Amino acid sequence: MTRLVDVTTRSFDSSALPTVTMIGGGQLARMTHQAAIALGQRLRVLAERPEDPAAQVSPEVVLGSHTDLAALRKAAVGSHALTFDHEHVPTEHLEVLVAEGVNVLPPPSALVYAQDKLAMRTKLSELGLPVPAFTPVTEVADAVRFGDEHGWPFVLKAVRGGYDGRGVWMPADAAEAERIVADQLAHGVGLLAEAKVDLKRELSAMVARSPFGQAATWPVVETVQRNGQCAVVIAPAPDLPDDLAASAETLALNLAAELGVVGAMAVELFETHDGELLVNELAMRPHNSGHWGMDGARTGQFEQHLRAVLDYPLGDTSPLAPVTVMANILGAPQAPAMSMDERLHHLFARMPEAKVHLYGKGERPDRKIGHVNVLGDDVAAVREKAERAAHWMSHAVWTDGWDPHE
Ligand SMILES: Nc1ncnc2c1ncn2[C@@H]1O[C@H](COP(=O)(O)OP(=O)(O)OP(=O)(O)O)[C@@H](O)[C@H]1O
Ligand SMILES: [Mg+2]
């Protein structure tokens, strides 16, 4: 007679392998857990809700808020490293954890440059790195003066807390700037102004660094944004001159060492029409621009992030194909009637080569609910496939009108 295993009696010797705690229960934590499994580990997560993407899959979930020091302490107990799937933990809480002996990685002294865009801009310009002109905005007049000096529209940003383009505005004139600034300041949001870069395209240079000081880069990728949000990533960035690629990688490596980063870091870059690079922002965690590597690189960012925070030797980051394109599956304006399961079925029938990653999230307009990776030789062909697959998964519509029943 077969008996079902009572899962509650299963033992797991947690002392045999290290425990990493990740703060935040989103898709980045979910995919880090996936990588942890292969290393014989389980990722502990601090998630706000049991239905969060990582909380659905990790057996070690602490429910609570990343702004609650008690919840952070609880999540940290016995963990070898405490790391992040977002940058929204208050820096002062992290400093308390460090003082109590928690191995916070990246350390708050580095992480602050991913949390606070004004601190980042200031630090990078002190280091002599190329950044757009910027200034803090503490009153309406600061913004209007900046726009008059650097041209309209300029870019107004929340100093902390923005993501996926939330917290970024491009006021076209003084009246619009006044309205946004007054409203945000009234809500206690710190602001900075920066010049709008006339950009050719956006790039991302990703690197991972261990406490030992080992570092590894992935090829520099092109990121395509729609509505201020990453939609497509092309790895490596097509037609990027070797010298620019090398200087982007060197910049990322030097910055990681200079700031004392541990774990994965994405350096979001603007490429200008005159072939210059400017730093947009830093993310010190796995990042959307690194998702291609789950299928397209020998070692992807999630495994590499774990290796780095555990001070393991880092993995080979070589690409596995001449080009990999990642397309985000973004929630459609209206969720299709066809179930996700059925959409997946059709996608696999049409495109056996597409690698799909779904995050277990409900469909809402423009929400990142998954991504598709396609590997191949020809950038245009691979990109078309990846985008068509992602669009199918979110809209249940083939962009080329293909009908499986015809
Ligand atoms: N100075 C600038 N000049 C031109 N475009 C800009 C500038 N700053 C930001 N942008 C555009 O807005 C997007 C979002 O800005 P930013 O990366 O600062 O915001 P975020 O919400 O923190 O980002 P993320 O989407 O990476 O979470 C950028 O990817 C870029 O397309
Ligand atoms: Mg960004």
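L203 of strand β9 (residues 199-209) sits across from E222 in β11, strands here being DSSP E runs of at least two residues and helices H or I runs of at least four, numbered from the N terminus. The pairing of β9 with β11 (residues 221-226) is antiparallel and uses three bridges; two strands pair if DSSP finds at least two bridges between them. This is a predicted model, with local features needing pLDDT of at least 70 and side-chain atom pairs pLDDT 80 or more, while totals for chains, interfaces and linings use all residues. Residues are numbered from 1 along each chain as its sequence is written, and chains are lettered from A and ligands numbered from 1 in the order written.

β9 also runs antiparallel to β13 (residues 263-272), joined by 10 bridges, with E202 facing F270. As for burial, eight of the 11 residues of β9 are buried (20 or more other C-beta atoms within 10 Å of the residue's own, C-beta atoms being placed from the backbone).

Over on the helical side, α1 (residues 27-38) packs on α10 (residues 301-309) at about 70°, axes 8 Å apart (axes are lines fitted to C-alpha atoms over the stretch in contact, and angles run from 0 to 180 degrees between N-to-C directions). The two are therefore roughly perpendicular, a label covering 65 to 115 degrees.

Terms used:
Angles under 35 degrees count as roughly parallel, over 145 as roughly antiparallel, 65 to 115 as roughly perpendicular and the rest as oblique. A residue is buried if 20 or more other C-beta atoms lie within 10 Å of its own, exposed if 12 or fewer, and partly exposed in between; C-beta atoms are placed from the backbone.
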